[in-house]
Amino acid sequence: MKRRFSLFSLMVAAGFGLAVVGSAGAADKAIKIATQSPLSGDQSVVGVDIKRGAELALEQLGGPLAEMGFKVDLAPFDDMANPDTGVANAKRIVADPAILAVVGHYNSGVQIPSSEVYHTSQLANVSPANTNPKVTTRGYMEVNRIVGRDDVQGVVGADFAKMKGVKTVFVVHDKTAYGQGIAEFFRKKAEENGIKVFGFEGTEEKANFDALLSPVVAGNPDMVYFGGMAFQAAVLFKQARERGYEGIFMSDDGFDSSDAAKIAGGTLISGGGTFYSTVSGPASVYAGTKKFIEDFKAKYNADPQPFAAQGFDSMAISLKAIENAAKANNNEVPSREAVTKAVRELKDFQGITGSFTFNEIGDPEKALYFVIQVKDADAAKWSMNEVVQTLEIAPPK
Amino acid sequence: MSSFSFKDAFDKVNQGPLPYLIVFAHIVTGTLLVYFQPRSNLAFLVLMSSFLSLYFFNTSNRFKITAAVVMTLLIMPILGVRNIFYLEVIFQISVFAALALGLNIVVGFAGLLDLGYVAFYAVGAYLWAFFGSQQFFVLPYAPGTQPSDLPFLLAGDFFYLFMMLGVIVAAMTGILLGLPVLRVRGDYLAIVTLGFGEVIRVLANNLDKPLNFTNGPQGITPIQRPSMPDWVVDWFNTIFGPLVGHEVNTSHMYNLWFYILALMVIMVIVFVTKRLDDSAMGRAWTAVREDETAAIAQGIPLVKTKLSAFAVGASFAGIMGVLLAASRTFISPESFSFMQSIGVLSMVILGGSGSIPGVILGAATITILNLQVLQGFSLYLNELRQSDAIIPIINFAWSDLSTQLDPAKYQRLLFGLILILMMIFRPQGLIPAKRRERKLALEKTE
Amino acid sequence: MKGFLKYVNVTEIVRPIGQLLAFSCGSAVVMSAIAIGIALMLDKTAVGVDLLDRYNVSVYTYTMINLPQVVIDGLTIGFVYAAIALGYTMVYGVLEFINFAHSEIFAVGAFVGVELLIALDSSGMLAGASLGMAYSYLILAILMGMLAAGGLAMTVERVAYRPLRGASRLVPLISAIGVSFFLQDVIRLVESLTTGQFNRIMPTFGNFDQRIVFGKFAMGTSNITLGISVKSIVVIVSAVLMLVALNYLVNATRIGKAIRAVAQDRNTASLMGINVNRIISTTFLVGGMLGGAAGVLYALKFTRIDPFVGFFPGLKAFTAAVLGGIGNLTGALLGGIVLGMLETFAGSYMGIFTMGAAGSEYKDIFAFSILILVLIFRPQGLMGKNVGQKA
């Protein structure tokens, strides 16, 4: 009968644990902004930094709302990169009336089903990282994103390749919705631009690219394009150089991490050099970026990963929208619907990764895209990378 | 020692009319708590734990069944639509309970460790995702590049047919996998099934070329749901509207409907499992589990026995996959990672492998831990961190607590600990299977 | 010299090296033959036309010119798998139990080695190190990795497996899966509390990144360089040393004899005065040390590690062990080499042979399909003895 005892003691213990959790009181005019990103598992490396970026923004930009008498808290949720958890969290978020906006997600695969839930209660969602066209093409009022779409960024890359006089290209992607999405549109546009695509390969491999590199090196294309994240791309690029490949490397905004230089070092500079497209401008264009990187390092003792700055901006937009909606509501807590509207009504909001005005489906109107060249093998000098091309592109409707 | 005195006290209470009173009070308290505190985790746990007292206290079967039906079909739905997060929690509990019951047949009854169980779940989910969406017309397009105005292949109401088909297709997949691998011994089998799980996930991730069957990592959306007539929503609103307190919309009704479907599947599974367990097949499974060599010597056809366990277990996962695809309207390979398989296995092990109530308890515990307790605790820590509070005795400011210590981030650590500790201290699970006791009882009556 | 040789069993050193050579050459020849055969068949088909259009070369020429490099790559990864597989096979041989946590023990080894080198790097000792010093540092890192991983493996055995000895087969396996998941997050927790980083990157030092070029072949419009990087040679040499040392330990020493005795019959062994618990601990220590060394080598070869780095190499190595016949040291070597070759051949040629319909993303599936096939026709693995159904 020990079993019953242990069962009940378990229950009692859980009960006490939750008594604490349940009783967290609410002051009046207390509002919350939720983040949803993978905080556990192997995608947590990016997910945690999205949360940290948002946390930092709340800390630095929460002033105006605090002056108006609001107490703004961050409610970070872990979606585990899993749609089930994301949806459950979304329902929990929706059920908490204090939450007025959601910053998230990292995976489009989680964002799409979760935002169906936000949609049912008109809760504003600013996405820092979801590039899948379907995120916004559903036309939900609540859903906005501050990153470029796959079908834009891939095009930027392909147009840049054409400008560089690239005749042949080998496309590799990481088999995630993000990487493959960009790579598909890169291929499509590259073919339209008259560039010969030697190969189009996806790989979940993170370490050993030897096998994949055989057909790459054999064709000796002018450019190798990688759709995916820096920690994978840099390993591939390094191994390709070691195999004697001398052409151009190109990647997307997932490549914008000093980890790339740590991994690949000088191999990024040699040969045809390494380029990446991004909406997140360098310090020379957006002064805020440099300060953000410094503050981030000071607070978390780590370099920001890709999308951390976008996490910061998503939070900044949410804060501004809540502020505007609150002002319109006599400094009282605004409704979710009002906040959702306020996000769309923002005009030329100056963030650290760009200036944002959302179009009627929630894509940034005319985003600025930069193509940046890696200039130094030293990871500490990552922010000195040079802009080689700036493009202003409106997203497809 | 304390456990003995506890047992005595429990036995004293657990007789006569008193248990009825306690269970009734528990349910009513839980219901009222959740009704008036719709966002309190504690209240929800009190309510959920009333299932435990219903199970453990000595009441008549009729009372148990009536109470369970009232709880699952009346109280839960009403409280669920009041706070749709709870509806999601109980929906996921029922989904995972069904999955765990299916895996329980393979692991608990037949003793075959299957580490790739979500593969069958994926088969079911992709089956309906393909036929119940526009995917058929997306075949020639690369993922992401298709036009958005494609027609749907089948109407949403085919969903019910595909629940049946899901059973058949998943069972066939189980047999196809089982035929070659079931000749191998237990631990080889574990690793082959692990590999198979990965193969299915990789296939789902890669079958977007040359023909785009699965849309690759971007996943398939929108997937259709069966139709929900307006009168159902109206009807629900008229009857329960006053209790719920707000207008229930179609999307909430869908949540409810899928929850009820999942419950029905669970009932079928429990029924089938019980019947199978009492049948010659069930005895064969047990024999194979306990001692393969002896089982062969007894003339039990080894491969056929194992295969049937595999097929039955797989079919339950298949039907839940179809259900999942429709309820989420979105499916991507991320839902079918190895982590999911381990999650379901943890449920079976925690609850008690081979025990139906145990497995359900395991599914409920882990789902609640995952969705409510860990996240809730992390949020609470985060609130403390943002406040000026300090830990009284050691004078430690909460705001200095590292965010690295958030419990929600360490789900794997928790699963791992559960598996290790259960294996060392309680390998039979929280509610162990009652096989032996019942066998003795049967012998007496015979 | 003669006196020294009396104590050294030379056969036990020569034999495994001979086996390694034979396996490497054998699998290379078989795989090459298959690849060439397929290439010849496809030469005149649409595949050939497609390749001619893109690379301006026939399928046959393409296959032939790439072949030496593919073999070298396959061998390199094969030796890595073999080194990890030894850890699985050691433990299985003695306890008949899959140490699922071996992949995390491997990861811990990698982390300890990389952290040590990062610390050396940030103190400026790596940057100016002479070649000799660079190799000493690497050896130091490998030794530290081995120590940490070996210690951890012993601890895990003591805490999570020993209490379960004698329980049914699935019980320790499930516990091992638990340990595996537990350790993944523990590594992550420790890393995030101390360094705050998720990815850890092997510093660049010494001459490991250099590539020794054997020759260049003109192919179509491009040149194929055949070569091998220094770090690959380091990996292969270390792996061979480890294999030989382990083989010697098991087959030619007293401890090895005790290990074999425990593996054959635990009860009888204990009656013979062998301390079974100590031997099992030793087995885990040795297996863990091999795993740890493999971890550091893996980090050297592939530069980047993270807390979940162990899972896939672990799974592959396990597949290799089963392929070769688990519990059999020679089998683990063979399995590792065969698997590495298969994977590299599939990854290198499938994309070309299928006109891009199924490229290197299917190489893992390939590995698992082969595993399933082998298990159907030879359930005991390529080199395992048929022990029959033992519950």
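**Figure 1. Contacts across the sequence of chain B.** Of the contacts in chain B that link residues at least 6 apart in sequence, 77% join residues at least 24 apart; two residues are in contact if their C-beta atoms, placed from the backbone, lie within 7 Å. This is a predicted model, in which local features need pLDDT of at least 70, side-chain atom pairs count only at pLDDT 80 or more, and totals for chains, interfaces and linings use all residues. Residues are numbered from 1 along each chain as its sequence is written, while chains are lettered from A and ligands numbered from 1 in the order in which they are written.

**Figure 2. Helices α12 and α14 of chain B.** Here α12 (residues 280-290) of chain B packs on α14 (residues 302-328) of chain B at an angle of about 105°, and their axes are 10 Å apart. Axes are lines fitted to C-alpha atoms, for helices over the stretch in contact, and angles run from 0 to 180 degrees between N-to-C directions. Helices (H or I, at least four residues) and strands (E, at least two) are DSSP runs, numbered from the N terminus. The pair is therefore roughly perpendicular (65 to 115 degrees). Look for B:M281, B:A284, B:W285 and B:V288 of α12(B), which meet B:L302, B:T305, B:K306, B:S308 and B:A309 of α14(B).

**Figure 3. Where chain C touches chain A.** Chain C brings 38 residues to this contact and chain A brings 34 residues. On the side of chain C, the elements that give two or more residues are α3 (46-55), α4 (59-95), β2 (211-219), β3 (222-229) and α13 (329-353).

**Figure 4. Chain B as a whole.** Its secondary structure comes to 18 helices and two strands. The C-alpha atoms of chain B fill a box of roughly 65 × 60 × 50 Å along the principal axes.

Key. Angles under 35 degrees count as roughly parallel, over 145 as roughly antiparallel, 65 to 115 as roughly perpendicular and the rest as oblique.
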